[in-house]
Amino acid sequence: MTTRTITLGSKDFFHARPSARIAGAAKLYESVAMVMLGTEIADAKDAFSLMRLSHPDGSSLELLIDGPDEQAAMEAVLDVIKKEFSIE
């Protein structure tokens with residue numbers, strides 16, 4: 001399992017466009033990809049699941065990826081997150 005902790009900017013949240021782009025990137029890989037925000041967990045391959053997460057408001061989130069192509073999946077999802085959000 002590969003994990004990465006990311007702190008989003010104070011005005012960032014999972015609205016439709018970034019959620020869809022993250023899910024699109026994650027779906028390209030066989031590995032299971034999850035986003036954890038506090039006690040909430042979302043399937044990174046499901047845009048609606050991501051959109052149901054609370055507003056992070058500068059909170060740290062954890063990206064967890066497990067599977068045969070986890071390194072490549074992590075890089076792809078992180079690339080999208082870096083393009084869509086301001087990382088602190």
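Rings of Phe, Tyr and Trp (its six-membered ring) pair if their centres lie within 6.5 Å, and planes over 60 degrees apart count as edge-to-face. The views below show a predicted model.

**View A. The aromatic pair of the structure.** A search of the whole structure finds 1 aromatic pair. It is formed by F14 and F85, whose ring centres lie 5.3 Å apart and whose planes stand at 70°, an edge-to-face arrangement. The pair links distant parts of the chain, 71 residues apart: F14 belongs to the loop between strand 1 and helix 1 (16-26), and F85 to the segment after helix 3 (70-84). Both F14 and F85 are buried.

**View B. The salt bridge between E84 and R21.** The structure holds 1 salt bridge. In this salt bridge, the side chains of E84 and R21 meet at 2.6 Å, N to O. E84 lies in helix 3 and R21 in helix 1, so the contact ties together parts that are 63 residues apart in sequence. E84 counts as partly exposed because its relative accessibility is 22%, and R21 is likewise partly exposed, with a relative accessible area of 43%.

**View D. The pairing of strands 2 and 3.** Strand 2 (residues 32-37) pairs with strand 3 in the antiparallel sense over 4 bridges. Within this view, L37 stands opposite E40 of strand 3.

Definitions and conventions
Residues numbered from 1 in each chain as written. Predicted model: local features only at pLDDT ≥ 70, side-chain atom pairs only at ≥ 80, totals over all residues. Heavy atoms only, no water. Pairing = 2+ DSSP bridges. Helix = DSSP H or I, 4+ residues; strand = E, 2+ residues; numbered from the N terminus. Phe/Tyr/Trp six-rings, centres within 6.5 Å; stacked < 30°, edge-to-face > 60°. Buried < 20%, exposed > 50% of the residue type's maximum accessible area, 1.4 Å probe, protein only. Salt bridge = Lys/Arg side-chain N within 4 Å of Asp/Glu carboxyl O.
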